[in-house]
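The following note is intended for a colleague who meets this structure for the first time. It treats ring pairs, the nonpolar cores and the charged contacts in turn.

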Amino acid sequence: MPFSPKLARFVRRALICGAVLATLVLLAFLVENWRGNRAWNEHAEQAYARGSLLRTFPAPSTLPDARNFMRVPTFEKFLFAAQDNPELQAFTRKLPSNGRGVARWQAGKPLDPVRLLASQAGSKPSLAADSKSSAETKPEATPAAVLALLEPVQPMLQEFRQALAERPLAQVVRPKPISMDLPFDAPIARFQVLRGVTHALMFHASASLSAGDSDLALQDTLAALRLSRGFLDTPDILLVEAMIGTVSTGLALQPVWEGTRQHKWNDAQLAALQQELLQLHVLQGLERSLQHERLGSIRTMDRIPASQLVLSAGMDFRPDKWHWSRLIPVPQGWVQQNMRISSEGMELNIGMVR
């Protein structure tokens with residue numbers, strides 16, 4: 001059946017319009033890709049010239065195990081353990097809970113044994129029941145009661161004390177290097193492990209000071225400070241680990257402040273604390289972590305299909321994962337412009353830290 005002249009004209013015009021539209025879309029893609037590529041390359045060249053944009057992630061720590069404080073067996077065993085690991089769960093149950101408000105040197109508050117024991121009885125009934133400070137014995141809220149509360153973790157604390165002289169270096173050793181393809185799939189140290197261990201050391205140090213044993217308090221305090229240093233000195237540190245190290249540092253300073261305020265440190269102990277504190281570089285650790293986060297964000301945007309990034313903000317971004325949004329055309333230049341914006345924003349944050 002032959003087409004009518006009217007239908008033929010319509011089809012011809014539709015084809016011409018479609019060809020013009022496709023040409024305009026293609027030109028728009030070419031222009032946007034050129035603009036984005038130019039913007040990113042300009043920024044990257046300037047950043048590389050300033051030495052402020054990494055080309056790859058640093059390798060994991062290569063410190064000898066026998067000299068690395070973070071490789072103390074009990075601590076290392078659980079630092080990267082899976083959340084559903086039964087041994088990890090049993091271990092964390094032995095650790096003191098946060099004990100919010102029981103000690104805060106920033107507000108001029110020393111350790112409060114009454115509040116500490118009450119907080120552990122409420123949040124860690126198994127820990128409280130294992131200690132001599134259980135409700136059945138009705139003890140007084142004394143430093144001795146705090147020390148008794150921490151009796152279940154004494155073997156681990158003793159490991160740290162013994163390691164102080166043998167392991168002067170400290171860096172977290174990641175189980176595997178950070179991948180340039182999937183940077184945010186890197187294994188992250190468990191915050192609750194470090195926080196619980198640091199609380200145990202901090203509470204034990206404060207209670208030991210109050211009980212008149214400043215030598216034992218010094219060992220606990222040095223161990224807590226060195227654990228914090230281990231996170232902040234990690235060569236491939238990520239932002240969350242810098243945050244963990246900073247929080248741990250704040251906790252570890254509690255007995256330092258209490259002993260100084262109460263004049264319970266002698267000159268040799270103050271010198272030892274000063275030496276350990278001089279090796280804590282919180283801002284440098286934060287700066288390196290921001291550099292690594294910056295590189296991770298750029299690599300993620302560069303590797304993931306543009307359509308996924310633009311249309312699926314909450315999706316699991318993996319280069320090897322298929323999603324329908326891959327079928328939607330989006331200029332790669334938009335991603336490159338966002339890479340530049342993200343990098344410049346992170347550079348401002350890095351500059352504020354320096």
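1. Aromatic pairs. Three aromatic pairs are counted, where rings of Phe, Tyr and Trp (its six-membered ring) pair if their centres lie within 6.5 Å, and planes under 30 degrees apart are called stacked, over 60 edge-to-face and the rest tilted. F69 and F160 form a tilted pair, because their ring centres are 5.5 Å apart and their planes stand at 35 degrees. This pair links distant parts of the chain, 91 residues apart: F69 belongs to the loop between α1 (5-50) and α2, and F160 to helix α7.

2. Basis of the model. The model is predicted, and local features need pLDDT of at least 70, side-chain atom pairs count only at pLDDT 80 or more, while totals for chains, interfaces and linings use all residues. Residues are numbered from 1 along each chain as its sequence is written, and side-chain values use heavy atoms, with hydrogens and water left out. Helices (H or I, at least four residues) and strands (E, at least two) are DSSP runs, numbered from the N terminus.

3. Burial of the rings. Both F69 and F160 are buried, a term for under 20% relative accessible area, with exposed meaning over 50% and partly exposed in between (1.4 Å probe, protein chains only). Ring pairs also join F69, F75 and F160 into a cluster.

4. A stacked pair. The rings of F78 and F91 have centres 4.5 Å apart and planes at 10 degrees, so this pair is stacked. F78 lies in helix α2 and F91 in helix α3, 13 residues apart. Both of these residues, F78 and F91, are buried.

5. Nonpolar cores. A nonpolar core is a set of buried Ala, Val, Leu, Ile, Met, Phe, Trp, Tyr and Cys residues joined through side-chain atoms within 4.5 Å. The largest such core has 54 residues, and F75, F160, V197, L227 and F231 have the most contacts inside it. At least two residues of this core come from each of α2, α3, α4 (113-123), α6 (143-149), α7, α8, α9 and α10 (239-261). Helix α8 supplies the largest share, 10 residues.

6. Apart from neighbours within four places in sequence, L227 is in contact (heavy atoms within 4.5 Å) with F69, M70, F75, F160, L194, V197 and L201. A second, separate core has eight residues, among them W40, A47, V335 and M339.

7. Salt bridges. How many salt bridges are there? The count is 16, a salt bridge being a side-chain nitrogen of Lys or Arg within 4 Å of a carboxyl oxygen of Asp or Glu. K77 and E87 form one, with their closest N and O atoms 2.7 Å apart. K77 lies in helix α2 (residues 73-79) and E87 in helix α3 (residues 86-94), so the pair ties together parts that are 10 residues apart in sequence. K77 is partly exposed at 48% relative accessible area, and E87 is partly exposed at 44%.

8. E276 and R226 meet in a salt bridge of 2.9 Å, N to O. This pair links helix α11 (residues 267-278), which holds E276, with helix α9 (residues 214-232), which holds R226, 50 residues apart. E276 and R226 are both buried. Elsewhere, a network of salt bridges links R38, E42, R340 and E344.

9. Charges over rings. A charge sits over a ring if NZ of Lys or CZ of Arg is within 6 Å of the ring centre and within 35 degrees of the ring normal. R226 lies over the face of F69, 5.6 Å from the ring centre. The charged end of R55 sits over the ring of Y48, at 3.6 Å from its centre.
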